[in-house]
Amino acid sequence: MRIPIPNTEQIKLLLPDCAELSYVASGGFKVVFRAVNGVGKVEAIKAIYIPSESDGLAPEQIAQLVARAQREIAALRLCRSPSIVKLGSLAPKLVTLGSCTYLIYSEEFLPGQPLVEGVGKQPQPDLTTLMAVFTFLVDVIEEMIRIQYLHRDIKPANIMVTGIAERPYVILDMGIAYKVHGTELTQGATPPGTLRYMAPELLSPDYKDVMDFRCDLYSAALSIYELASGLHPFAPKPENDYATIYRIMKERPEPLENHRGDLPLQFCRIIDRCIKKNPALRYARTDLLCHDLQEVQQ
Amino acid sequence: MKIFAQDGYGPGEKLEQGLSDKVIDGAVLSARYRHPEKFTEKADSLLPHEGELLLDPEFYATSSIGKPNAKLGSLEEWDYFSAPRRSTLITGTAIQPVIRSAFESQLRFEHLSGLVAPNIYIESADSIDAGIALNFIGQAKLVAKTMDVTDKPVFASLVLSRDVLASGAPFDDLLGALTALSTPPDGFYVLIGSGAVDEDGRHIRSDIYHDHVIAGWMLINYVLSINGFKVINGCSDLLSPLLGACGAYAGASGWASSLRQFSMGRYIKPAAQGGSAPLIRYVSNALLARIKQTDYDNYSSVLPLVSNGLPSDKYYEGETTRPQESIQTWAALNKLCAECCTDDITSDLATIEGRITKAVGYWSRIAESGFTSGVEAHYEHLEAMRDGISLFRKWAELT
């Protein structure tokens, strides 16, 4: 469904302390603005559209959407890692703009561009870059483990390349984060997320019983594979979802070394291991993964 | 890969000699055949020899308590060996006390190099019992920590029916759960139970020598070892090299058929009693088989490389004793594993496959020489090993 996008004048009225307000992007139920807050800091103002029954959504779907937004904010509050986007100065609040309701809050505004824009570009990223991105993603996963969440949407489009020395990469969008011991928000047999980066176990009917951090590890390693090779092993070209699902479930990806013979074999094997179909074959402990990554560096 | 002795009935001085001859690297002692009062004595006799000693608490045999035909030996003399009410296993309240008690029993013997946690037998991967067993495994290290045991590794027992290994998705889920424990043990002591027995109460070898079972057992070793666990396989006998290629720390074998192939049936008296004593056998690495002594003599005459060329071969020049048979088994396994297990899974599996192909050829030559009896069964076992390796590669997603 197309969501109504509030205009900047409406937002300015709501947030009189903000300056230089401008529209950035929208996707799903979310609209993002850029603004300078009352103390001169640039922030991303996020407005999540809360649909009504007139939008054709059932009350439980609306409730799920609100709960998901609240969960995203709750998860961000718990995060301490610089690898994860931070909440901004605007505390979440429900507002009515015209006839529409939005949940509005702010996050830090990160400069730079999403990693996805570098995928498939020449020159191909070198080992130092790939190691830096993967190490950053492992840090994200460790933070998720610490706060007992799964990110569930790790992909190049959600990784911001900031150009900031202390925080070169930051993960965005915890919109579908899963609370490990929390109440189920998703109804039905398919989890939310981006199919191309979804671990095979998430496509099984009993995914809620089997998913753990290893599905984030899979998505992270798949992102590195794609970044390194310029190819997505399961969706090399646009095709229907059924074909992608088949490949995710059944096809074994080409070993990364076949695409990048210039990279250390050990690094390629680490990535290959993290995208195994059976989660038990991936790393079950991040310390073992970090140990193996350190050996590559040495 | 290390070879351990699988302890059982009538050990005599076999363990001492095995350690002294350096054909075994340690032993998995049996609580069933070791009375707690006499345990120290035995451990003391093993002490002068270098080796790792573990005690299998055999808690899984508590399911036989109270059965009129139960065969539990000294197990009921051990403090921890009593069956808690099932409801307390399901709720988990009985689990920590059982583990604590089993550890306390083992800690009385300072010679033990690690602690083996008790567990129950898993008949089916998606059963309540599997959940209980996972709880035992998840609690083992936790209990050791509360007891301030920091100087000995903790091995969780993983005792599975062979059917679990061939169950597909439930088996994968079990492996997923085993590797994702929040307080994992340091290692695992793995036993794979066969179910079928022949009319004399003997285990049917093809129950374990089945491609899915072999592949599953290899997968357990692979998944656990790549995740940093030490895996000790009980009763793995001639499958030890296959498990070693997949990362196993140790395999074990003993002097009786029940110590070379595990079954819960060992805790139940067979319907048929008596019968003749098992024949002395020789483990031929070239044939990848355990052959009767008379066959060894016959086959060697047409195919000298049936002999392993080890010092223990001399025992077969005259009347061979049971202890000598054990030494020969361990020496042969040791040599086989040294040749097949080099920490490079790709080349190790290829080496084993090469040996299987050669073994098939040797059996053909033996059959062509007129010794056809039993050859078909050996072909089948070799075929199961070869298919098991192939299936393992698929399950382990190895290219």
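A crossover counts as right-handed if, with the strands pointing away from the viewer, the path from the first strand over the helix to the second runs clockwise. In this predicted model, β1(B), helix α1 (residues 14-20) of chain B and β2(B) make a right-handed unit of the β-α-β kind. From β2(B) the chain then passes through helix α2 (residues 36-46) of chain B to β3(B), in a β-α-β crossover that is right-handed.

**Strand pairing in chain B**

- Strand β1 (residues 2-6) of chain B pairs with β2(B) in the parallel sense, over three bridges.
- F4(B) has G26(B) as its bridge partner in β2(B).
- Five bridges link β2(B) and strand β3 (residues 52-56) of chain B, again a parallel pairing.
- For A27(B), the bridge partner in β3(B) is L53(B).

**Burial of β2(B)**

- Strand β2 (residues 26-30) of chain B is mostly covered, as five of its five residues are buried.
- In a regular strand, side chains alternate between the two faces of the sheet.
- Both faces of β2(B) are covered: one side holds the buried residues G26(B), V28(B) and S30(B), and the other holds A27(B) and L29(B), also buried.

**An antiparallel sheet in chain A**

- Three strands of chain A form an open sheet in the order β6-β8-β9, with antiparallel pairing.
- Its edge strands are β6 (113-114) and β9 (169-171) of chain A, each of which pairs on one side only.
- β6(A) and strand β8 (residues 159-161) of chain A run antiparallel and are joined by two bridges.

How values were computed. Residues numbered from 1 in each chain as written. Chains lettered and ligands numbered in written order. Predicted model: local features only at pLDDT ≥ 70, side-chain atom pairs only at ≥ 80, totals over all residues. Buried ≥ 20, exposed ≤ 12 C-beta atoms within 10 Å, placed from the backbone. Helix = DSSP H or I, 4+ residues; strand = E, 2+ residues; numbered from the N terminus. Pairing = 2+ DSSP bridges.
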